[in-house]
Amino acid sequence: MGFVQVLWAAISTVLSTAGVIGMGAALIRRGWVGPAAVKEWSKTVTGFMLPCFLFSNMSSTTLDQLQAGWVLPVFCVVHIMIGMLLGTVTSMLLRADWGSLGSPTTAARSFSGGIVAMSGFGNASLGLSMMPAIIAGNPALGTKEHAAFCVTLYAVLNKVGIWSVAAELLSSCKLDEEKRLGQPSIVVKMLTEPVNVAAAAGLAVGLTPPLKALFVSGAPLGWAMNSCKTVGTACFPLMTLLLGCNLAQGTSSDRVDMPSVGVVTIVRLVVFPFVCLGVSRFCMAKGWLPDDPMIQFVILLEGCVPTAMTMGMAAPGPNTQKAVSAMLFWQYIFSGFTMAVFIAIFLDEVLS
């Protein structure tokens, strides 16, 4: 696949996502959907539809697949840690008083946890929609089915992290006056969040043949698995619509400043992919990565995606949601070009 085709594949993916986001924004602007409805649907997505998606996808996992792809969830954790470290450094730099060069930014003072979260958690599922076009021009990478498994296995822990660690970081921000009292610890949240429970249950079904036999098509519980797949399929379009509803609040927020938005965008879309490339090369040199071009490519691809769209839904209050939406808006504006450039670099890295 030539650079122009890669560029168009990336731009097309981002434009199609932006189209759905625009529809969500239009629903709010036209008054067809109110804030209360958006809030209730957000609860439905995170508490029911997303768990259905995770359960149905993880239930198809086999032991052989895990043995070959175990490195994917490990790298997901590594990427999150690298991103959070970069976000912490970014927040510290933005909080510093540089004298005549600049004073601490608004976001650094009240959105420090948000900066860390926005830097650490990418849109792991975005690569899945790009894979058909990428594989069509580069069949040596593998099959679409293998690509779907690799991205899903990587994305599971990312989703778990967003609804636990990232949500906790966003809750620590000082943008909303109302504070939720008596919240459980982050460990309790990780163990009780519906998305985490669903992922664990799906993996248990996939790795336990007697249980798995109950959920296959035609089996006593096959209808339940098909229902979960149907509901899970509708999860991501609805999540994207809800993001548009949140973005309708504006492309900027008086609680975050544009210099901070710009710095976080550069860190996530430019600095982070280069760091991930360096880590991947180091692991390859040490022989820690499997000789599977698809796994190697997915690991690199996940390093160049923008922040997860679900971050807007994980934000606890309206002001935090506006701040997150402002950062997401500008990231997705520029991510089409940055992803295209890095995809071309990564394809050359894996296939050369």
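Predicted model: local features only at pLDDT ≥ 70, side-chain atom pairs only at ≥ 80, totals over all residues.

Analyst: A nonpolar core is a set of buried Ala, Val, Leu, Ile, Met, Phe, Trp, Tyr and Cys residues joined through side-chain atoms within 4.5 Å, where buried means under 20% relative accessible area, exposed over 50% and partly exposed in between (1.4 Å probe, protein chains only). Residues are numbered from 1 along each chain as its sequence is written, and side-chain values use heavy atoms, with hydrogens and water left out.

User: Which residues does Phe 297 touch, not counting residues up to four places away in sequence?

Analyst: A contact means heavy atoms within 4.5 Å. With residues up to four places away in sequence left out, Phe 297 touches Met 131, Ile 134, Leu 141, Ile 343, Phe 346, Leu 347 and Val 350.

User: How many helices and strands does the chain have?

Analyst: Helices (H or I, at least four residues) and strands (E, at least two) are DSSP runs, numbered from the N terminus. Counted in this way, the secondary structure of the chain comes to 17 helices and zero strands.

User: Which element of the chain has the highest mean pLDDT?

Analyst: pLDDT is the predictor's confidence in each residue, from 0 to 100, and the chain averages 83, with 88% of the residues scoring at least 70. Among the elements, the lowest mean pLDDT, 65, belongs to helix H5 (residues 106-110), and the highest, 94, to helix H15 (residues 293-301).

User: Is Ala 199 buried or exposed?

Analyst: Ala 199 has its place in helix H10 (residues 194-207), and it touches Leu 54, Met 58 and Val 156, not counting residues up to four places away in sequence. Ala 199 and Val 156 are 43 residues apart in sequence and 7.1 Å apart in space, C-alpha to C-alpha. Because its relative accessibility is 7%, Ala 199 counts as buried.

User: Which element gives the most to the lining of the second largest pocket?

Analyst: On a 1 Å grid over the protein atoms alone, a cavity is a set of points where a 1.4 Å probe fits but cannot get out, whereas a pocket is an open set with protein on both sides within 12 Å along at least five of seven lines, and lining residues have an atom within 4 Å of a point. The second largest pocket is lined by 28 residues, of which Asn 123, Ser 125, Leu 126, Phe 236 and Met 309 lie nearest its centre. The elements that give two or more residues to this lining include helix H1 (3-29), helix H2 (35-58) and helix H8 (144-171). The one that gives the most, with eight residues, is H8.

User: What volume does the largest cavity have?

Analyst: The structure holds one cavity of 30 Å³ or more. Grid points are joined across faces, edges and corners, and a volume is the space filled by probe spheres set on the points. For the largest cavity, this volume is about 60 Å³.

User: Which element supplies the largest share of the lining of the largest cavity?

Analyst: Of the 13 residues that line the largest cavity, the closest to its centre are His 79, Gly 120, Gly 122, Tyr 154 and Asn 158. Helix H4 (71-95), H8 and helix H14 (258-286) each supply at least two residues of the lining. The largest share, three residues, comes from H4.
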